[in-house]
Amino acid sequence: MTPKHFIPFSTANAERTDYDIAPEKLISGATRQSTLNMFSDPGNEFHCGIWEGAPALWRVSYSEHEFCHILRGRIRITDETGTSITVGPGDNFVIAAGFKGTWETLEQAKKIYVVFERQTEK
């Protein structure tokens, strides 16, 4: 029996989405990526799951906060000033809302993601 409000991080009930990087963001490389979303809160502000992507370079502009744990591959993240960091298996980090720059998947990669983005009232 599972405690109330306990959600296992499992692929059993995950929602898979395969998608392409938007053409206006893509600089080079493969466009195909996928997410296996394992949880989204009722307010649609908090999400977590697994992302996978092939080698590519694209522009990013974060309106959300994202925690990442790299499971496989290497990724280079570069900000608008040209400062970059390369991360790989076992690395954990947060990209805060407001970050602008590029995301470069250097080799086939897989990460656990946890995203929070406050929904604004309309």
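User: What makes Trp 103 count as buried?

Analyst: Trp 103 has a relative accessible area of 3%, and buried means under 20% (exposed is over 50%, partly exposed in between, with a 1.4 Å probe and protein chains only), so Trp 103 is buried. Please keep in mind that this is a predicted model, where local features need pLDDT of at least 70, side-chain atom pairs count only at pLDDT 80 or more, and totals for chains, interfaces and linings use all residues. Residues are numbered from 1 along each chain as its sequence is written, and side-chain values use heavy atoms, leaving out hydrogens and water.

User: How do you know whether Trp 51 is buried or exposed?

Analyst: By the same cut-off: Trp 51 has 5% relative accessibility, so Trp 51 counts as buried.

User: Why is the pair of Trp 51 and Trp 103 called edge-to-face?

Analyst: Rings of Phe, Tyr and Trp (its six-membered ring) pair if their centres lie within 6.5 Å; planes under 30 degrees apart count as stacked, over 60 as edge-to-face and the rest as tilted. Here the centres are 5.9 Å apart and the planes are at 80 degrees, so the pair is edge-to-face. Trp 51 lies in strand 4 and Trp 103 in strand 10, 52 residues apart; strands are DSSP runs of E with at least two residues, numbered from the N terminus. Together with Trp 58, these two residues form one aromatic cluster.

User: What sits over the ring of Trp 51?

Analyst: That is the charged end of Lys 111, 5.2 Å from the ring centre. The rule asks for NZ of Lys or CZ of Arg within 6 Å of the centre and within 35 degrees of the ring normal.

Definitions and conventions. Helices (H or I, at least four residues) and strands (E, at least two) are DSSP runs, numbered from the N terminus.
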